[in-house]
2 protein chains.
Amino acid sequence: MIESELRNSTTEEVVAELRRRSSFVMVSHVKPDGDTLGAGLALGIALRRMGKRVAYFQQDPVPRNLRFLPDTEFVARELPADLPPDTLFVFCDMSDYSRAGEFLPKIEREHMLDIDHHLGNSHFGAFNYVIPSECSTGTTVMHLLRGLGVEVDKAIATCILTTIMTDTGGFMHSNTSPEVLELSAELMRLGADKEQITEEIFANKRVAATRLLGRIVDEMQFAHDGRYCWSHVDDAMLAQTGADGEDTEDIVNTLRGQEGVEVAALFKAYDGEIRVSLRSNGRVNVQAAAATLGGGGHFRASGLTYVGSLDDAFAAVDRALVAQGL
Amino acid sequence: MIESELRNSTTEEVVAELRRRSSFVMVSHVKPDGDTLGAGLALGIALRRMGKRVAYFQQDPVPRNLRFLPDTEFVARELPADLPPDTLFVFCDMSDYSRAGEFLPKIEREHMLDIDHHLGNSHFGAFNYVIPSECSTGTTVMHLLRGLGVEVDKAIATCILTTIMTDTGGFMHSNTSPEVLELSAELMRLGADKEQITEEIFANKRVAATRLLGRIVDEMQFAHDGRYCWSHVDDAMLAQTGADGEDTEDIVNTLRGQEGVEVAALFKAYDGEIRVSLRSNGRVNVQAAAATLGGGGHFRASGLTYVGSLDDAFAAVDRALVAQGL
């Protein structure tokens with residue numbers, strides 16, 4: 001039984017509900033990553049094997065580097081027209097229902113199952129299966145697959161291993177526990193294609209993204225005795241390199257990884273706004289810093305949108321970080 | 001018993017020899033990495049616990065990012081003056097004795113133990129313990145530690161996990177078998193500090209190295225329908241970024257990782273010569289290409305030194321690769 005949070009459902013309750021329903025829509029969050037999509041696909045494939053009707057909804061298109069996952073050809077940006085009234089909507093990897101985006105029609109709470117591993121999950125479903133000690137939503141789903149007695153085959157194993165490798169940064173982050181490594185070994189033995197996951201998610205960098213990284217690195221600046229590193233990307237840099245916004249996602253982590261850097265910021269000044277991504281090594285609380293400028297997130301990773309000039313944004317974020325002890 | 005190669009010693013034979021001798025010199029190869037050093041340190045620490053005398057020899061200094069390893073303060077660039085005549089020299093992670101460098105005095109074969117995981121190992125020792133199916137020399141050493149009955153504590157576990165994470169590229173390469181993940185989980189449970197290894201070896205990038213990467217990426221060129229990517233680094237780029245040769249090691253892998261790229265080359269035109277690193281995704285044999293220009297290596301990774309101008313080097317390597325089917 002999972003007792004990590006109030007109003008959480010037990011494994012048995014969720015398994016019983018999955019058995020009871022005959023139709024499902026697996027919902028991924030906007031800007032989908034390997035965890036939201038891999039978790040939904042793994043459970044969706046298992047439910048289809050059980051003879052259930054399964055659809056996939058995702059507001060944004062499937063990112064290029066996740067199209068190798070099984071069943072992604074069924075992921076749609078709108079709902080099927082003829083959904084039965086007892087359809088259960090399964091939200092994967094979302095702290096809140098709103099992360100599904102604005103285009104999903106309103107769903108009654110009684111038809112919502114919320115599967116997640118985020119500590120701050122709002123428990124928005126009639127059924128909530130949230131295990132913050134899990135490294136990914138996919139490993140959370142593994143408990144349900146075991147409860148359902150589904151055979152984990154190559155397709156499902158590849159989906160789950162994708163969720164692990166996505167949310168552990170390829171086994172690099174501190175959430176890579178011995179149990180995570182052992183589960184990954186088991187998934188490989190079950191046929192998970194680790195080499196393809198590695199190639200698609202980590203190795204296969206687009207040329208444009210690499211050129212953009214080169215430009216952003218050229219613009220790196222340092223302050224506070226090298227503890228703070230920041231850089232920016234603007235419309236012109238995207239145009240010159242042929243990159244798009246999707247290509248900027250991981251660059252702030254590269255800035256944070258510079259020797260001696262405790263806090264990093266990437267200022268994304270394109271599409272008519274300035275969005276700022278903040279990362280901390282754990283000493284300075286960047287969630288608190290972002291909150292003072294209307295943003296949010298986690299202690300080590302947060303973000304905000306700034307209205308004003310880029311130079312003003314640099315100054316405002318610097319002040320907010322200094323106020324948190326940078 | 002290990003029977004993977006002719007003239008290989010068994011685990012029992014090597015363990016008996018380690019017990020019989022009272023003095024050891026652990027030898028790492030030139031340009032030491034986490035495997036040669038971690039394997040030597042792990043076995044050295046174990047032998048010291050058994051009351052043996054242990055020294056460490058390494059021609060080059062300990063790289064910055066490996067100084068966190070236990071016992072590195074004992075690694076010396078010369079031999080102790082008063083070595084007993086029965087001292088056993090333990091060479092870790094070297095296909096041949098010559099990889100120890102030119103400054104190691106001549107050692108009699110009867111006093112050499114060769115521990116390695118490379119297929120082409122020359123079996124230069126009186127004792128040779130070479131297991132090509134192992135992902136690292138450190139995991140090869142694990143068999144000896146088990147044979148010796150040594151308790152694997154936090155220090156030894158950290159050394160062995162460092163060898164694994166070094167030689168699997170942080171669990172990314174195809175040599176990351178389920179067994180490797182399970183052994184890594186076991187080493188974490190024994191106290192291996194995976195977070196520190198990750199930070200030192202993978203995350204903690206020097207600013208100069210990142211700036212150099214940015215410059216080399218700016219100079220990327222593509223040919224043969226995007227299947228071939230090359231770039232270069234010269235003395236001026238090193239001076240402008242503050243980087244040194246050590247910082248160029250992994251960049252050719254970044255070039256190879258570009259979408260659609262099958263073969264990558266990095267031309268290192270500094271210190272008065274042009275050294276070329278080649279990487280292949282497995283279709284084109286870059287060892288064969290390098291061999292036609294006097295170089296060598298492996299099917300997927302090779303290198304050569306070119307005498308002439310940089311433009312001539314570009315052309316010569318292109319021709320050699322085309323001859324191999326690029």
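This briefing walks through the cores, the chain contact, the salt bridges and a few individual residues of the structure above. The model is a predicted one, in which local features need pLDDT of at least 70 and side-chain atom pairs count only at pLDDT 80 or more, while totals for chains, interfaces and linings use all residues. Side-chain values use heavy atoms, leaving out hydrogens and water, residues are numbered from 1 along each chain as its sequence is written, and chains are lettered from A and ligands numbered from 1 in the order in which they are written. Chain A and chain B meet in a contact that takes 41 residues from each of them, and the structure holds 28 salt bridges over all chains.

**Nonpolar cores**

- A nonpolar core here is a set of buried Ala, Val, Leu, Ile, Met, Phe, Trp, Tyr and Cys residues joined through side-chain atoms within 4.5 Å.
- Buried means under 20% relative accessible area, exposed means over 50%, and partly exposed is in between, with a 1.4 Å probe and protein chains only.
- The largest nonpolar core has 109 residues, and the members that touch the most others are A:L18, A:L43, A:L187, B:L18, B:L43 and B:L187.
- A second core of 36 residues is separate, with A:V233, B:A208, B:I251 and B:L255 among its members.
- What does B:L18 touch, not counting residues up to four places away in sequence? Its partners are B:F24, B:L43, B:L47, B:K52, B:L88, B:L113, B:L144 and B:L148, where contact means heavy atoms within 4.5 Å.

- The size of an interface is often given as the accessible area lost when the parts come together.
- About 3,400 Å² is buried between chain B and chain A, and carbon and sulfur atoms give 56% of it; this buried area is what the two parts lose on being put together, found with a 1.4 Å probe and summed over both.
- On the chain B side, B:M172, B:L181 and B:E259 lose the most area to chain A, and together they make up 17% of what that side buries.
- Six salt bridges cross the interface of chain B and chain A, a salt bridge being a side-chain nitrogen of Lys or Arg within 4 Å of a carboxyl oxygen of Asp or Glu.
- A:E179 pairs with B:R189 in a salt bridge whose closest N and O atoms are 3.0 Å apart.
- In chain B, α5 (178-189), α6 (194-203), α7 (207-218) and α9 (251-256) each supply at least two residues of the side that touches chain A.
- Helices (H or I, at least four residues) and strands (E, at least two) are DSSP runs, numbered from the N terminus.

**Salt bridges within chain A**

- A:E17 and A:R21 form a salt bridge, with the closest N and O atoms 2.7 Å apart.
- Both partners are buried: A:E17 has a relative accessible area of 9%, and A:R21 has one of 4%.
- A:E17, A:R20 and A:R21 are linked in a network of salt bridges.
- The side chains of A:R48 and A:D71 also meet in a salt bridge, at 2.6 Å from N to O.
- A:R48 lies in helix α2 (residues 34-49) and A:D71 in the loop between β2 (53-57) and β3 (75-76) of chain A, so this pair ties together parts that are 23 residues apart in sequence.
- A:R48 is partly exposed at 35% relative accessibility, whereas A:D71 is buried at 9%.

**Residues to look at in chain B**

- B:D71 has a positive phi, near 75 degrees, in a residue other than glycine.
- The loop between β2 (53-57) and β3 (75-76) of chain B holds B:D71, which is buried with a relative accessible area of 9%.
- B:H224, also not a glycine, has a positive phi near 55 degrees.
- B:H224 sits in the loop between β7 (221-223) and β8 (228-234) of chain B and is partly exposed, with a relative accessible area of 25%.
- B:A290 belongs to helix α10 (residues 286-291) of chain B. Is B:A290 buried or exposed? At 0% relative accessibility, B:A290 counts as buried.
- Leaving aside neighbours within four places in sequence, B:A290 is in contact with B:L278, B:G295, B:G296, B:S302, B:G303 and B:L304.
- The C-alpha atoms of B:A290 and B:S302 are separated by 6.4 Å, although the two are twelve residues apart along the chain.
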